[in-house]
Amino acid sequence: MQTPAIPHCADSGGGYSKGMTDISIPLLIAIGATFFGAGMVKGVTGMGLPTVAMGVLGALISPLAAASLLVVPSFVTNLWQLLAGPAVKPIARRLWPMMLAICAGTGASAGWLASGDAGTTTVVLGTALMIYAGYTLLARQLSVPAGIEPLLSPLVGAATGIVSGATGVFVIPAVPYLQALGLSRDDLVQALGLSFTVSTVALAVALGSQGTFATETMGLSLLALGPALLGLWAGRKLRKRISPPIFKRVFLLFLFLLGAEMALRPLL
């Protein structure tokens, strides 16, 4: 039987690039630890699993391979978040233009992530992480007037889809936009769950249409679900013992530094 193939790891700068067919025990441990940590961040802050997973794994393997691995953990945890409250239908009715645009944008840009140009994609991913972390740390809360929401939602959705298809990160500019809509805390959590769920499915479909999301990859992605759910449980327990705002600031600072390293890697 042929060994399942997963997209190649990123070249670290020294010309070394190994395929995930040569996956090692240390790499498996790193993947498990990454998804545990990403799940913990999501358990404390309500978001961040795909962002952390893409950021950390993007430094170890190619962004394409990382995006393929996060599909199952991201889909399950975000669907869980979406269905945890009673406002699914009203939120879906309000945000469907944005969700449709996310799908279109992701499909239009997924060729970049699927191209195998790991160097460029890693730089773009690092820049996206820096922008998101920097904005969230420093920017003031915005407010979107109700009158322009029907115009902005598709534009923000398309932009989010383009960034998602190119980098595997779902948060820009969807998260700042949804936070600016004036939703209640519970509705915001569900709206984020809806956006991330749609983005995950759209990315998986787009990569599949490019012929780069092998069905064999689902095995490792499914295995990553266990550590992610365990981390999610641990994060919810930890949230009762620490200050979520302080934790979030430390997490964003870590994310900014990680993004800076990835964006500057070709110059190092």
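Close-up 1. Leaving out residues up to four places away in sequence, K42 touches M47, L49, T77, N78, Q81 and L232, where contact means heavy atoms within 4.5 Å. K42 lies in helix 1, and helices here are DSSP runs of H or I with at least four residues, strands being runs of E with at least two, numbered from the N terminus. With a relative accessible area of 4%, K42 is buried; buried means under 20% relative accessible area, exposed over 50%, and partly exposed in between, for a 1.4 Å probe and protein chains only. The C-alpha atoms of K42 and R236 are 8.4 Å apart in space, although the two residues are 194 apart in sequence. The model is predicted, so that local features need pLDDT of at least 70 and side-chain atom pairs count only at pLDDT 80 or more, whereas totals for chains, interfaces and linings use all residues. Residues are numbered from 1 along each chain as its sequence is written, and side-chain values use heavy atoms, with hydrogens and water left out.

Close-up 2. T34 is found in helix 1 and is buried, with a relative accessible area of 8%. Apart from neighbours within four places in sequence, the contacts of T34 are V52, A53, V56 and L57. G37 is also found in helix 1, but this glycine is partly exposed, at a relative accessible area of 24%.

**Close-up 3. Helix 10 and what covers it.** Helix 10 comprises the 23 residues 217-239, and its end C-alpha atoms are 32 Å apart, which agrees with the 33 Å it should span at 1.5 Å a residue; the expected span is 1.5 Å times one less than the number of residues. The buried residues of this helix are T217, L220, S221, A224, L225, A228, G231, L232, A234 and G235. Among the elements that cover them are helix 1 (25-45), helix 2 (49-57), helix 3 (63-69) and helix 4 (71-82).

Close-up 4. L178, with neighbours within four places in sequence left aside, is in contact with L95, M98, L183, L188, A191, L192 and S195. Helix 9 has 25 residues and reaches 36 Å from its first C-alpha to its last, close to the 36 Å expected at 1.5 Å a residue.

**Close-up 5. Two backbone details, at G211 and P173.** Helix 9 is followed by G211, whose phi is positive, near 75°. I172 and P173 are joined by a cis peptide bond, with omega about -10°, and P173 is found in the loop between helix 7 and helix 8 (174-179). As background, most residues other than glycine have a negative phi, and most peptide bonds are trans.

**Close-up 6. The salt bridge between E149 and R94.** A search of the whole structure finds 1 salt bridge, a term that requires a side-chain nitrogen of Lys or Arg within 4 Å of a carboxyl oxygen of Asp or Glu. The side chains of E149 and R94 meet in a salt bridge at 2.8 Å, N to O. This pair links distant parts of the chain, 55 residues apart, with E149 in helix 7 (residues 149-167) and R94 in helix 5 (residues 88-114). E149 counts as buried at 10% relative accessibility, whereas R94 is partly exposed, with a relative accessible area of 36%.

**Close-up 7. A nonpolar patch on the surface.** L137, L138, L253 and L257 form a nonpolar patch with about 420 Å² of accessible area together, and helix 6 (118-138) and helix 11 (244-264) each supply at least two of its residues. Patches are made of residues with over 30% relative accessible area and no salt bridge, with like charges joined within 9 Å and nonpolar side chains (Val, Leu, Ile, Met, Phe, Trp, Tyr) within 5 Å; accessible areas come from the Shrake-Rupley method with a 1.4 Å probe, and for residues only the protein chains shown count as cover. L257 has its place in helix 11 and is exposed, with a relative accessible area of 53%.
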